[in-house]
Amino acid sequence: MEIKQYQAAVEAIVFASGEPVPLSRLALALELDEATTARIADDWMQDINTRGGGLTALKLDDRYQLCSSKACAAYVRKAMDIRRNTPLSQAAMEVLAIIAYNQPVSRPFVEQVRGVDCSAVMQGLQQKGLIEERGRMDLPGRPLLYGTTSNFLRCFGISSLEQLPPLPQKQESAMDETTMDEMLQQEQPLPEDAELFGSEEEAEE
């Protein structure tokens, strides 16, 4: 099979999936090793993104996804009659930051850092697809662990967690109140055309 055929196959798989496709799954489908598949997928992604069409290819860690381009966001919203979500509350941003920098973490850990109940906020973040369950702790009660999702990376315009802004170094504890305020000030706001598809419910304070 020629390179163009492999790239066409990658495009078809990613399009049909509708969600980020792991490199390992692409390699299995193409019957190639992951290094070769990564080169093919990266070349395909570059071709899509320089084409100037209505689609954009994203790489989220080792996963690939197709989405509408920023230039067409207004038209897509109008055609699909999607209600723009209310920006995340300060409480939701704080919880999201705690999870992003410490994942996987349990709800009791998040609540210990913030000093208040966070169940409603975390439920809202799950509904928006920004956090997800990551198993359970091997402790009495088996509390759930949470981490961020590919949708979190997409909405904040980063490819991996390594691109998160570094935490201030002057604090001994990285997640105390002062550090959290400083860190949130460094966070990039959601892009103007970013849509949190999948749920229109807001994260409650």
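Guide: Happy to! Two strands count as paired if DSSP finds at least two bridges between them. With that in hand, and keeping in mind that this is a predicted model, let us visit strand β6, which covers residues 144-148. Four of the five residues of β6 are buried, so this strand is largely enclosed by the rest of the structure.

Now for its partners. Strand β4, residues 105-106, is joined to β6 by two bridges, and the pair runs antiparallel. Here you can find Val 105 opposite Tyr 146 in β6. Strand β5, residues 131-136, also pairs with β6 in the antiparallel sense, over four bridges. In β6, Leu 144 has Arg 136 standing opposite.

For a contrast in how elements meet, turn to the helices. The axes of α2 (residues 23-30) and α3 come within 9 Å and cross at roughly 100°. On the α2 side, the contact includes Leu 23, Leu 26 and Leu 30, while α3 brings in residues including Thr 37 and Ala 41. Sorted by class, this contact has six nonpolar, two polar and one charged residues.

Helix α3 spans residues 34-51 and also holds Met 45. Met 45 counts as buried because its relative accessibility is 16%. Leaving aside neighbours within four places in sequence, Met 45 is in contact with Ala 57, Leu 58, Lys 59 and Tyr 64.

Note on methods
Residues numbered from 1 in each chain as written. Predicted model: local features only at pLDDT ≥ 70, side-chain atom pairs only at ≥ 80, totals over all residues. Heavy atoms only, no water. Buried < 20%, exposed > 50% of the residue type's maximum accessible area, 1.4 Å probe, protein only. Contact = heavy atoms within 4.5 Å. Axes fitted to C-alpha atoms, helices over the stretch in contact; angles between N-to-C directions. Nonpolar A, V, L, I, M, F, W, Y, C, P; charged D, E, K, R; others polar.
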